Amino acid sequence: MFQLLSRRQLGTLALLILTLFILSQSRRIPDLSRLQNSAYLQAFLKNTTLPPPPLISQICAIQTATPQSCSCPLAPTSTCPPQVPVPIPSEKPLSCPTQHAIPCIPQAIALPPPPPILTKEQQVIASLRASGIVVIFKTGAQEVSQLSIHLGTTLRHLNEQDILIFSDQQGSIGPFAITDALRNVDQKIRESDPDFEIYRAIRTFQSTGQDIEDLKEDKSKGNGRSGWRLDKYKFIHMVEEAFQQRPDAKWYVFIETDSYVIWSNLVEWLGRLDSTKATYLGAPVYISRQAFGHGGSGYVLSNAAMNRLLGPEQPQGVAASWDKRMKDKCCGDYALGIALTEKGVNVTNARPLLNGFKPTTLPYGPKAHWCQPVVTMHHLLPHEVSAIWRFERRREILGNTQAATFSELYTQFVEPHLMSSRENWDNLSDGPTYREPSLEEKQAAEKAQAILRAGEEAKTEDAEQKKMKEIAALEETARKVREQEGVALGMNTTLPPQGTAQSQQKQNEHKNQTSNVERQKPAPNLRKRSTAAAEPQTEEEAHAFESFGKCGAACEANHKCFQYLYYEKTCVLSTAVRLGAYRAVEEGGGGVFRSGWMVDRIRTWKDANWCEGPKWP
């Protein structure tokens with residue numbers, strides 16, 4: 001049979017036989033899961049040797065720099081080698097240090113997972129927490145749903161230790177509890193005071209399972225809303241409870257539902273300040289000469305300021321003592337300002353870091369917001385909160401680690417929407433205002449002009465008379481001299497005396513020339529603008545109220561003007577840039593609002609005023 005095979009086939013057959021022989025002499029690799037059974041392990045150790053080192057590495061899945069340890073079930077009292085990365089010996093198996101060498105079975109050590117790599121956003125929240133900052137939201141049952149947008153954006157990495165939420169209804173939203181800030185108000189006030197009518201309605205709706213959204217009021221009512229009247233009672237109770245729940249916090253930051261905080265800027269800003277000093281930071285507002293931090297813009301109290309107002313050395317029940325005093329106060333932030341002032345803590349101006357605007361209503365420009373960092377914004381709609389949050393994340397992706405400034409908000413949210421003109425739009429221009437004068441204003445202007453002209457003529461008459469007297473005196477002196485000389489020479493040199501026809505004609509000619517010059521002076525325009533005490537200084541400004549085009553011409557003629565607004569025979573100029581918002585034609589025949597911007601002029605100014613970095617106050 002072998003004679004029928006070729007040499008090549010014989011070689012292949014021999015190689016196959018040799019391979020089978022080698023495999024028959026090899027031991028199968030045991031199932032390591034069975035090695036946990038000590039009986040099987042003993043049998044294995046008596047009847048087999050360890051596989052070659054390469055097979056050990058396969059069994060144990062040993063990788064470079066992977067810690068290994070020895071498992072010695074037959075010698076539980078022995079000490080295994082240290083749990084550090086160990087090399088696999090090439091000839092001898094690992095053994096435990098006992099009297100009798102027992103082969104060791106390498107096993108991977110279960111180490112704790114490495115700490116997760118934090119995103120930039122998470123790092124900021126960690127630094128906020130490490131800085132001892134607690135954030136307090138003030139909301140209402142009718143608007144608490146607006147907090148939902150914050151849960152997925154600004155609050156997504158914060159927990160209940162970082163945030164306190166106060167409202168006029170007990171409840172929760174997402175992982176956060178909502179505390180009823182009014183539950184400790186005097187019971188008689190809660191049950192009978194007209195200001196608490198909406199509060200009683202909320203509790204009824206809540207107890208009967210009705211939708212609180214049905215209690216929403218028309219925002220156009222402004223301060224007349226029942227929710228607004230109730231809101232003021234929350235402030236001092238909220239501050240008191242925040243201090244009770246977080247007495248060791250360094251900074252207490254109070255904001256509202258429709259506010260936005262750039263956490264990174266907040267941390268950097270407060271990191272520059274000393275929380276052991278009694279500090280009350282806010283965007284000051286004045287009522288009856290009392291300064292206080294505007295609630296919507298946000299305000300910040302240091303731990304020292306909280307202790308000055310509510311600490312153990314102070315009389316207790318501060319909030320309760322204000323329940324009756326609050327009745328005749330317009331608003332809660334005003335009352336809080338009074339309470340702090342009574343303790344010797346006055347508000348420190350933190351504008352523009354804290355402000356009551358949002359990107360589309362902020363004024364940008366030379367004497368407005370530009371290179372300063374922005375910490376808070378106010379009056380934001382949910383989609384605007386989301387847009388600003390995305391803006392922050394985009395900065396992180398681009399590696400921008402500097403504090404966000406107003407100039408960046410302008411570039412992102414305003415500049416792309418500027419155009420030469422826009423109808424049904426109010427760009428919030430608030431500078432010099434020129435409007436068509438009313439009948440009364442015209443009559444007053446004509447009367448004032450007549451008085452002014454008469455005064456100028458009287459002044460001219462007096463000046464002329466004085467001048468004529470001086471001329472007459474000189475002529476009289478010259479006549480006498482000539483008479484003396486004429487007597488000597490026999491000549492007649494008598495001049496026409498003052499008051500003769502020739503002299504009067506010269507006086508009248510001079511007077512008429514002077515009067516004509518005076519009449520050529522333009523009469524001053526006495527119309528007053530509505531928002532600034534400025535009068536038209538140019539021909540363009542004098543006619544700016546006549547049309548949208550002439551309003552734009554007045555802005556163009558003023559090199560400091562960046563935008564203008566025209567409506568109902570009224571022209572308003574502005575030296576700051578704002579985007580503003582849509583404004584529909586009002587019912588009842590109201591005028592159309594038209595806005596215009598000096599786009600090229602604005603772009604030129606921006607190119608010349610790049611911010612090299614944030615300018616902290």
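## The largest pocket

Helix 8 (226-231) gives the largest share of the lining of the largest pocket, 3 residues. This is a predicted model, where local features need pLDDT of at least 70 and side-chain atom pairs count only at pLDDT 80 or more, while totals for chains, interfaces and linings use all residues. Residues are numbered from 1 along each chain as its sequence is written, and side-chain values use heavy atoms, with hydrogens and water left out.

Of the 34 lining residues, Glu-143, Arg-225, Trp-228, Glu-256 and Asp-258 sit closest to the pocket's centre. A pocket here is an open set of points on a 1 Å grid over the protein atoms alone, where a 1.4 Å probe fits, with protein on both sides within 12 Å along at least five of seven lines; lining residues have an atom within 4 Å of a point.

Strands are DSSP runs of E, at least two residues, and helices are runs of H or I, at least four, numbered from the N terminus; two strands pair if DSSP finds at least two bridges between them.

Strand 18 (563-567) and strand 19 (570-574) run antiparallel and are joined by 5 bridges. Leu-565 has Val-572 in strand 19 as its bridge partner.

## A buried glutamine

Gln-169 lies in the loop between strand 4 (163-167) and strand 5 (171-173). With a relative accessible area of 15%, Gln-169 is buried (under 20%; exposed is over 50%, partly exposed in between, with a 1.4 Å probe and protein chains only).
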